[in-house]
Amino acid sequence: MMSSNVDASRVTLRRFTAADLPDFMEWATDDNVTKTLVWDSYESQDQGLKFLNSVAIPHPWLKAICVDGRAVGSISLEKGQCMMDSCRATLGYCIAKKYWGQGIMTIAVKLALSTGFQDLDVVRIEALVQLSNSASRRVLEKAGFQLEGTLLKYTVIKGQVRDCFLFAAFRPAC
C-alpha cells in the first residue's frame, strides 16, 4: 500500500547524536529493513549506542534522514580510500519501514547528491542494489542515477553471494 509523498521541505539530513538512539533502533532492529544490507539487525540498545558513538557520530559522511527533525533512516557516502578510487564515493541508505513508499528516500538521495560531490571532492557517486530490490532501484532512478550494468557474484549479503546492479551519478559540470 503506497502512502502519499512527504513534502520535500520536511526532509533534512543531519549528523547523528546519541539522542537519536530510540529512533535508530526502530529501523536497526527490523529484519525487513536490514535484509538487503551488509549488517545484521541490532539486538540491544547497548549495541545501537555503541554504533552511534563509535561509527555514526565520528563518520565523515553518515547522516540521519529526518522528517520534521526526527531521524527515520540513515544515508552515507564512503569515499574510495586508494588513489585510483579517490574520484568516487559509494552511497548507502536505509529507512524505517513505516516510511517506505512516501518519497522520503528519493528526497534524501537528492540531498546527498547536492552536497556530497563537493563535500568529498568526488566526480562520481555509485550505488549497488541487489537485483531483487526494485524499490531501491526506483529510488536511484528517480534521483538521477544511471544503471551502468549488472555485477555478477559481486557481494556477500547475510552469508550469500549476490548479484548487484551498479548505478552511478556524476558531478554536474560547473
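Colleague: Which residue in E2 is the bridge partner of Arg15?

Modeller: In this predicted model, Arg15 has Lys63 of E2 as its bridge partner.

Colleague: What makes E1 and E2 a pair of strands?

Modeller: Two strands count as paired if there are at least two bridges between them. E1 and strand E2 (residues 62-67) are joined by 5 bridges and run antiparallel, so by that rule they pair.

Colleague: Nice! Which strands are the edge strands of the sheet?

Modeller: Start with the order, E1-E2-E3-E4-E5-E7-E6, in an open sheet of 7 strands with mixed pairing. Strand E1 (11-15) and strand E6 (146-157) are called edge strands because each pairs on one side only. On average, neighbouring strands here are turned by 30 degrees against each other, direction ignored.

Colleague: How do you know that helix H1 packs on the sheet, and which strands does it touch?

Modeller: Contact means heavy atoms within 4.5 Å. Helix H1 (residues 21-28) touches strand E3 (70-79) and strand E4 (88-95). The direction of H1 makes about 75 degrees with that of E3.

Colleague: Why is H1 called roughly perpendicular to H3?

Modeller: H1 and helix H3 (residues 45-56) pack at an angle of about 110 degrees, with their axes 10 Å apart. Angles of 65 to 115 degrees count as roughly perpendicular, so H1 is roughly perpendicular to H3.

Colleague: Which residues make that contact?

Modeller: H1 brings Leu21, Phe24 and Met25, while H3 brings Gln45, Gly48, Leu49, Phe51 and Leu52. They divide into 6 nonpolar, 2 polar and no charged. Remember that Gly counts as polar in this scheme!

Note on methods: Residues numbered from 1 in each chain as written. Predicted model: local features only at pLDDT ≥ 70, side-chain atom pairs only at ≥ 80, totals over all residues. Heavy atoms only, no water. Helix = DSSP H or I, 4+ residues; strand = E, 2+ residues; numbered from the N terminus. Axes fitted to C-alpha atoms, helices over the stretch in contact; angles between N-to-C directions. Parallel < 35°, antiparallel > 145°, perpendicular 65-115°, else oblique.
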